[in-house]
Amino acid sequence: MTAQAGTGRTNQKQRTRTAIVAAARELTGTGAEVTMPAIARAALVSEATAYRYFPDLPSLISEALAGVWPPPAEALVPVADSADPVERVAFACEFLLRGILARQGSVRAMIAATITRPETVTTRPGIRFGLIDHALLPLEDTLGARDPDGFAQLKRDLAVVVSAEAFFTLTDLCGLDPDEAITSAVRTAATLTEAAVRANA
């Protein structure tokens, strides 16, 4: 095989991979159900070809979502000047859940895949944790210093609420519409934060 042929094959593989990721990224932005067959069809490749490049759906979705979510500091710019952790957490919660709503097909697919295959859980982005950490920065030198265990517990409590799982529980099982679900989750996140601040005042 000539070097030119080898380079051509490498380039074709890269184009195929790029097409698959682009198709996945476009599909995740629609909020529709995200599956490997649907992504393969959109990329104009066979499902078998898609699996040759990505061993499972979570790894493909993870790559497709890379760079789609802004870093926490950028996401929380609207409350950057606020020292109120309650306000900051409420904003972070709404930001995350609005993003989940816009990409719910891919988020549902990721959750489903990691439940049935726990070994793939490391492919989940974990965006909530960065947002929660950044939102609680004003408490680092107060609650974080006085009661590190309590501070860690607050972060864990918020991780339960500021989450796709909480959002889908409210919409799927409690019957709330998306806006009602977001309002409910934001209220709970704010209440948890306010209680922790008050208890350590």
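Start by selecting Arg-103 and Trp-69: the charged end of Arg-103 sits over the Trp-69 ring, 4.4 Å from its centre. A charge sits over a ring if NZ of Lys or CZ of Arg is within 6 Å of the ring centre and within 35 degrees of the ring normal.

This is a predicted model, where local features need pLDDT of at least 70, side-chain atom pairs count only at pLDDT 80 or more, and totals for chains, interfaces and linings use all residues. Residues are numbered from 1 along each chain as its sequence is written, and side-chain values use heavy atoms, with hydrogens and water left out.

The structure holds two aromatic pairs (ring centres of Phe, Tyr or the six-membered ring of Trp within 6.5 Å; planes under 30 degrees apart are stacked, over 60 edge-to-face, the rest tilted). Trp-69 and Phe-95 form an edge-to-face pair, 6.1 Å centre to centre with 70° between the planes. Trp-69 lies in the loop between helix H4 (57-65) and helix H5 (72-75) and Phe-95 in helix H6 (residues 85-102), so the pair ties together parts 26 residues apart in sequence. Phe-95 is partly exposed at 24%.

Next, select Phe-167 and Phe-168. Their ring centres are 5.6 Å apart and their planes at 55°, so this pair is tilted. Both Phe-167 and Phe-168 are buried.

Finish at Ser-163, buried at 1% relative accessible area. Ser-163 touches Leu-96, Leu-97, Ile-100 and Arg-128 (heavy atoms within 4.5 Å), not counting residues up to four places away in sequence.

Conventions: Buried means under 20% relative accessible area, exposed over 50%, partly exposed in between (1.4 Å probe, protein chains only). Helices (H or I, at least four residues) and strands (E, at least two) are DSSP runs, numbered from the N terminus.
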